[in-house]
Amino acid sequence: MQGDGGGDGYGDQQGNGYDPEAKEANAVKEVKESKTEETEEEEADEAEEVKPEADEAEEVKPEADEAEEVKPDTGKDSEKKVPDPRPHLNIVFIGHVDAGKSTTCGNILFLSGMVDERTIEKYKQEAANKAGESWFYAFIMDTSEEEKIKGKTVEVGRAAFETVNKRFTILDAPGHKSYVPNMIAGASAADVGVLLISARKGEFETGFEKGGQTCEHALLAKTLGVDKLICAINKMDDPTVEWDEKRYNEIYKKLSTFLKKSGYKEDQMIFLPMSGLMGDNIKERKGTPAWFTGPTLLDALDGINVARKADGAVRIPMMEGYKDMGAVTAIGKVEQGTIKPGMKCLVMPTNNKCTVTSVFINDVDMQFATCGENVTLKMSGISDEELKKGYVLCSDKSPIPAVTKFKATIHLIELGPDRPVMTSGYVAVMHAHTTSEECEILKLYETMVIQTKKKEKNPQFARPDSVVVCSIKLARPTAVDTFESSKQLGRFTLRVDGRTIAIGKITELPKSASTD
């Protein structure tokens with residue numbers, strides 16, 4: 001890929017042989033249970049300096065529970081169900097390896113009545129023979145033999161639970177740095193993040209220092225649209241901690257300082273102590289000491305509201321396309337608009353026409369699905385080969401642009417020792433919603449050093465800890481939008497050699513961007 005040095009001469013926009021799975025540096029592993037998880041939404045205020053229009057959510061007035069406003073069908077689909085009016089949220093559990101993510105997820109399902117005592121007893125016996133007796137809750141989420149024997153989450157586990165006011169889908173993301181691409185797949189589908197931090201002596205320090213995954217996960221979650229973050233300080237019952245308030249405050253201070261630098265505001269973070277294994281402060285306070293007066297984990301989740309754009313044109317980034325008993329099927333998350341059976345749609349960037357014949361939520365045939373829902377769609381007029389991860393299903397009246405270039409503002413976090421500065425021609429892999437694509441920096445328009453606020457026009461290079469306005473060229477046409485038009489489809493991360501080097505948002509598309 002050769003950069004032409006221009007920022008506005010955006011080229012070729014049409015792509016019919018596009019395949020976002022075919023070619024990637026550090027090929028992103030397919031998530032085996034991605035059959036109802038999908039992409040993500042919400043803001044990407046990458047950093048204070050990459051001004052992310054954090055208040056835009058207020059302008060998007062429709063709320064998550066807007067499904068109630070979609071009138072039930074009285075025609076041929078009237079026998080189909082109307083979706084549950086309670087808002088649906090995807091929660092991604094992230095954090096360093098061994099922070100207790102899978103155990104906490106398993107205990108939430110048990111305390112919510114989704115797993116019975118007999119099943120727990122079975123997992124206890126199985127855990128004792130494999131990873132260790134204390135891993136039995138984790139076995140609810142870690143279903144493969146590899147995960148059970150190693151005691152390590154590899155792919156993104158998925159499970160559902162409910163509270164009085166909301167419905168939730170848990171996405172249990174891997175913590176190990178080898179599986180960060182899998183973690184991105186989970187976070188891109190999430191509305192809310194739960195960052196688990198181990199309070200055990202030595203474990204917090206390992207996860208937080210350079211090379212640990214606590215910071216990278218929080219940063220990625222922010223970029224991927226998770227702008228409500230619950231920081232759950234876990235293992236407070238450990239013998240090295242014993243619910244020590246000083247230890248909690250020490251972790252709170254270090255982590256909150258880092259998160260604020262990453263673009264999180266005070267009202268976007270909720271801190272709480274807990275024990276994932278014992279269940280303290282998950283559903284009930286139980287052994288939580290009097291010095292903590294805040295909410296339990298489930299109460300905190302129940303109180304979170306997410307703004308939606310239910311009245312916009314349909315946008316469903318796809319996780320997968322396949323044949324189910326002969327029927328062409330697509331899996332995705334409705335990021336914008338409302339999808340109904342009979343709707344004429346386009347798949348971008350390939351511009352293939354299709355019709356949605358049925359809409360399913362949790363295997364139940366529905367009259368419609370509004371934004372925020374994980375959906376399975378039965379399709380006609382298209383083959384499963386034309387429905388791939390990274391493609392976006394759109395309204396045929398208002399399709400998403402398919403571009404090979406765009407202008408962006410990025411926050412440069414770190415660069416490798418072999419390439420310590422970013423210049424024109426710098427090659428990386430871009431992750432945006434469910435797609436990943438090789439890309440190249442075409443031109444640097446402006447840099448600003450975050451610490452000094454010093455700006456430079458048309459710089460020759462950019463260093464870490466700076467905000468960069470640049471143009472980026474993609475290897476193939478890709479379906480994306482500006483951050484202003486669609487937060488969920490207008491933010492991205494850049495990764496090189498298994499390391500996240502930058503987070504950013506798309507500010508401008510070429511005037512010739514293909515939408516037809």
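A residue counts as buried when its relative accessible area is under 20%. By that cut-off K80 is buried, because its relative accessibility is 17%. The model is predicted, and every value below is computed from it.

K80 sits in the loop between α1 (56–59) and β1 (88–94). Which residues does K80 touch, leaving aside those up to four places away in sequence? They are P341, T357, S358, D365, M366 and Q367.

Step back to the whole protein. Its secondary structure comes to ten helices and 22 strands. The chain has 516 residues, and 61% of them count as buried. Take the contacts with a separation of 6 or more: residues 24 or more positions apart account for 74% of these.

Now the interior. In soluble globular proteins, nonpolar side chains tend to be buried together. Here the largest nonpolar core has 60 residues. F161, V194, L259 and L301 have the most contacts inside this core. F161 shows what such a position looks like. Beyond four places in sequence, F161 touches I91, I108, L109, S112, M114, R167, F168, I170, L298 and L301. Another core lies apart from the largest one and has 27 residues. F406, I410, I441 and V480 are among them.

Strand β16 has pairing partners. Ten bridges join β16 to strand β20 (residues 466–479), and the two run antiparallel. In that pairing, L412 stands opposite S466 of β20. Strand β22 (residues 499–508) also pairs with β16 in the antiparallel sense, over six bridges. There the bridge partner of I410 is G504.

Which residues of α3 are buried? They are I120, Y123, E126 and A127. Seen down the axis of α3, the buried residues fall within an arc of 125 degrees, so they line one face of the helix. An α-helix has 3.6 residues a turn, so residues three or four places apart point the same way. The face of α3 turned away from the buried side carries the exposed residues E117, R118, Q125 and N129.

M379 counts as buried because its relative accessibility is 7%. Leaving out residues up to four places away in sequence, M379 touches V328, A330, C354, T355, V356, T357, L387 and L393. T357 is also one of the residues that K80 touches. The C-alpha atoms of M379 and C345 are separated by 9.8 Å, with the two residues 34 apart along the chain.

A disulfide is a covalent bond between the sulfur atoms of two cysteines. The test used here asks for a pair of cysteine sulfur atoms within 2.5 Å. By this rule the count comes to zero disulfides. C394 is in no disulfide, and its nearest cysteine sulfur, that of C345, is 8.0 Å away. Are C394 and C231 buried or exposed? C394 counts as buried, because its relative accessibility is 0%. C231 is buried too, because its value is 0%.

Last, the backbone. A cis peptide bond joins M348 and P349, with omega about 15 degrees. P349 lies in the loop between β10 (344–348) and β11 (352–361). Two lysines have a positive phi, although neither is a glycine. For K286, phi is about 45 degrees. K286 lies in the loop between β6 (269–273) and α10 (297–302). K286 counts as exposed because its relative accessibility is 54%. For K453, phi is about 65 degrees. K453 is in the loop between β18 (435–449) and β19 (455–457). K453 counts as partly exposed because its relative accessibility is 46%.

Methods
Residues numbered from 1 in each chain as written. Predicted model: local features only at pLDDT ≥ 70, side-chain atom pairs only at ≥ 80, totals over all residues. Heavy atoms only, no water. Buried < 20%, exposed > 50% of the residue type's maximum accessible area, 1.4 Å probe, protein only. Contact = heavy atoms within 4.5 Å. Helix = DSSP H or I, 4+ residues; strand = E, 2+ residues; numbered from the N terminus. Core = buried A, V, L, I, M, F, W, Y, C linked by side-chain atoms within 4.5 Å. Arc of directions from axis to C-beta. Pairing = 2+ DSSP bridges.
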